[in-house]
Amino acid sequence: MGSSPLLYAVTGALIFGIGLLASLRDEALLARIIAINISGVGVFLMLVSFAYRGFELAPDPIPHALVLTGIVVAVAASGLALALEKRLAELPKSKTHKEDSP
Amino acid sequence: MSTILIVVVIVPLLASLTCLMLPRLSDRLSLGTGLVQLITGGLLIQSLASGISHFHELGGWSPGLGIALRADALAGALVLLCAIVSLAATVYARRYFTCVETRYRFWPLWWLLSTAIYALLLSADLFNLYVTLELLGLSAAALCTIGAAKTEALRSALRYLMLGLVGSLLFLAGVSMVYAEYGTLSLMALAGQIAQTPATLVALLLLSSGLLVKCALVPLHFWLPAAHGSAPAPVSAVLSALVVKVAFYLLLRLWFELFSPVMTSLFATLIGGLGAIAVIWGSLRALTAARLKLLAAYSTLSQMGYLFVFIPVLAALPDEETRQLGFGALVLFALSHGIAKAALFLGIGVIQLQVGHDRIDQLAGSAQRFPIAFFAIGLAGVALVGLPPSGAFLAKWSLISNSLLTGQWWWMVVTLTGTLLAAAYFIRVLGAGFVTLGPEAPVKGVGVSLQAPALVLACLATFGLGLGAASLWDVLAMGSAGGQL
Amino acid sequence: MMIWSVIDILICALVVALAMAALYAPALRQRVMFFIAFGLVVAITWARLHAPDLALAEAIIGAGLTGAMLLMSLDHTSDMPREPASYGLRIGSAAMGGVLILGLMMIVSSLYPIHDGAPTLAVSQRQVESGVSHPVTAVLLNFRAWDTLLELAVLLSAALGILNLGPARRSCGHAASLTDGLARVLVPLLILSAGYLLWKGAFAPGGAFQAGAVLASAAVVIHLTGWEKLPRVGLRSLRLLLLVGPTLFVAVGLLPLLNGQAFLQYPVELAGLLILLIESAAMVSIAGMLTLVYLGGHPHANWPIELVNPKEPM
């Protein structure tokens, strides 16, 4: 199977690292969400490379299932964060909204 | 197969789904769910005390292939803590959110957060723990925004969400390294296999740093005061009392059960040092906080710090028996803080709801107007400072004597300084609240169910845990919690 | 073999280059574009690493839905980062980060060769008992079904949080005849392929998540061509839509407890059928939740229930 899975795993580690560093910068939320998503793909890339068993053999299905879960969780989290930001952007203009206690 | 574990995790999930389906029933349903949780928690701890250990292989698959749930004494104690605090906060939330629409939006998320907490406490699978952490982070952030139209609250909820995501990501990276190295995710299977390899060490660092973000240990604490200080009171109570605590619980599991061969005394001392900084710094910030809720949030930072100060002391204890006692003290401290901090937030919420603000310099007369809530705040203060007869007093006593026993006197200095500072910031609150304003128009009906939960929790923290500490110690010694320490 | 090494190196270089571009391009709009391109290349990478389930999911969810969401959010995001930190600080943190990343890469390479763990061997041995022949579906919906149930709960909490926040995104309303005609072709096709993906999941790559995401993207297409055409979903139906998947999952999971068996322990002979049932319901809920995640708000101001008097007593 050669060194290809190793190459992908190391690439995954690299992507995870640069994404994580970028997500900690003081930037627009959108940029930080992109960074967290990219960093997540880095971890997924590591996991999928760990599952790869070469051309002839079937890959390990467990990491695939884990990554599928991870992809769905990532989109849910990104969506919630973006919706929060949208709400924040709308707020100063329309302050009188149905309001409960503090 | 212990069905009780399924009851613990599935009842809140079902409650969430039912509250969503039948909003008009959700107030009553939530009360019922809280009661069921308390009974289940009680039964669980009782059966653990009689020496039964609980285990459930989900789907009937052996752990590794499938996912297992299990409860030992440590998990059982925390399940009970969560049941107590969430019942009190549930009773309180029914009155706190006066707008019915807000309550209908609140309950389904509230029970999802509860599901996440219980699922995390019982899970015995590393990746499953990651999913529960994500559920915890998302539902908690969503709850922070309930009923809020304030920019500040939304902004801190957003920051809380983002930091939680970074934490989970670090944790997931650690999980994937563990899987590559050992080929399994089951905690039971891993426990015997963990060896001292460079990859294991890196995995431990990744997992720990992910959880430390969620525990808000200095220097990863910056998100906590704003998030805990601006959420609705019942949510703040659960965030401060339970959510940070379950992340710490996971760290205990990792450090003392799973990765004990890799843990070095240097690492433990480093963690303890950060904890010590948190104790002092959090207390100082609490001393100068302008708002009551911020004070409570900074107090959480400093109280979480003590939990980390325990680590190097425990790691250095020579024999099994004293370690187990020390471990019991650590758990007692965590429980005591959980209950007392929830009481504090619920009490503050009463004042904030009635007065419309929680500024400490404008508290004059509040002891007169809300005697029950203020009494609860005072009692919670006793437990948080660690005065006798509270459980925290016993725990701190054990911490001090053990730090002397192991020749690490500096932890004693930290504990004493932190205690004095805590006393100072509570005296500040009490001093401000007891200023009388002369006769004032009586406040219109502050309902009992709004004030009682805080008082019950405060009494439990101050008297209940102090007097019941011995039996708690017995239960913890029974289970395996301190066994592998 | 040689040719594959070259291809692998090219793919990895492309992934890294696009990631860097998505992280450091000067304008946010550019970053979003690069991110979508990154997602597509990652989908190809999954295909290369024999993970077709993930290739599908990444293309639809990672690049597609997330990309669409990011694009829609561009309007209300202030374009640019605040003033950059000092030069020295940036160099310093980059150097430290670089050292950490290098260390991590070395550690990761030390993990090889990877061996099958006991669970991996168990999956292939007990595949037949799972009721489905596609191993990833077997892991997702049988061996590790608890993860999947909690994952639905994660999606649900995101959807509920979004519903509580504010009104949904406005459609940008490109009601031009071209896009309109495109939607008329695309939407039925998408619904058809969702059904196909769901059915296929039992024995080949696909399943509830991919199918649900395809359905959600059909909703996105409708939303892009004009909000009005999206069927008006009532409050009760919306609640049902979100609930049906998780509720059915829990209900099926609880039944074996009556026989003294474990939670989620399906009888072997019924497992295939039960999994299809769970997946169908889950697909509907996933589609609803992902659509809400994309919309970023509630379609009804009075979510979750129509009240006569909002201050009504308990």
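Reader: Okay. What share of chain C is buried, then?
Author: Buried residues are 47% of the 314 residues in chain C.
Reader: And what share of the residues in chain A?
Author: In chain A, 67% of the 102 residues are buried.
Reader: What kind of model is this, and how are things numbered?
Author: This is a predicted model, where local features need pLDDT of at least 70, side-chain atom pairs count only at pLDDT 80 or more, and totals for chains, interfaces and linings use all residues. Residues are numbered from 1 along each chain as its sequence is written, while chains are lettered from A and ligands numbered from 1 in the order in which they are written.
Reader: What's pLDDT?
Author: The predictor's confidence in each residue, from 0 to 100. Chain B has a mean of 90, with 96% of its residues at 70 or more. Chain C averages 88, and 90% of its residues score at least 70.
Reader: What about the ipTM and pTM scores?
Author: ipTM is 0.94 and pTM is 0.95.
Reader: Where in chain B does pLDDT stay under 50?
Author: Over residues 480-485 of chain B. The model has 20 contacts beyond four places in sequence for them. A contact means that the C-beta atoms of two residues, placed from the backbone, lie within 7 Å. Where pLDDT is low, the predicted coordinates should not be read in detail.
Reader: Noted. How many helices and strands are in chain C?
Author: Chain C has 11 helices and 0 strands. Those are DSSP runs, numbered from the N terminus: helices are H or I, at least four residues, and strands are E, at least two. The C-alpha atoms of chain C fill a box of roughly 60 × 55 × 45 Å along the principal axes.
Reader: How many of the contacts in chain C join residues at least 24 apart?
Author: 74%, among contacts between residues at least 6 apart in sequence. For chain A the figure is 53%.
Reader: And the helices and strands in chain A, how many?
Author: 3 helices and 0 strands.
Reader: What does UniProt list for chain A?
Author: An unreviewed UniProt entry lists residues 6-22, 29-52 and 64-84 under "transmembrane region". UniProt positions are given in the numbering used here, feature names are shortened, and annotations may be inferred rather than shown by experiment.
Reader: How much of those spans is helix?
Author: Residues 29-52 of chain A are 96% helix and 0% strand, with end C-alpha atoms 35 Å apart. Residues 64-84 of chain A are 100% helix and 0% strand, and their end C-alpha atoms lie 31 Å apart.
Reader: How do chains C and A meet?
Author: 70 residues of chain C are in contact with 58 residues of chain A. On the chain C side, the helices that each supply at least two residues include α1 (2-24), α2 (28-48) and α3. That side divides into 45 nonpolar, 16 polar and 9 charged residues. Here Ala, Val, Leu, Ile, Met, Phe, Trp, Tyr, Cys and Pro count as nonpolar, Asp, Glu, Lys and Arg as charged, and the others, Gly among them, as polar.
Reader: What does C:Ser109 touch?
Author: A:Leu6 and A:Val10, not counting residues up to four places away in sequence. C:Ser109 sits in helix α4 of chain C. It counts as partly exposed because it has 14 C-beta neighbours inside 10 Å.
Reader: And chains B and C, how many residues are in contact?
Author: 52 residues of chain B with 50 of chain C. On the chain B side, α5(B) gives the largest share, 10 residues. That side of chain B has 32 nonpolar, 13 polar and 7 charged residues.
Reader: Back to α3(C). Where does it bend?
Author: At C:Glu58, by about 40°. The bend is the angle between axes fitted to the seven residues ending there and the seven starting there. α3(C) is mostly covered, with 17 of its 22 residues buried.

Technical notes. Buried ≥ 20, exposed ≤ 12 C-beta atoms within 10 Å, placed from the backbone.
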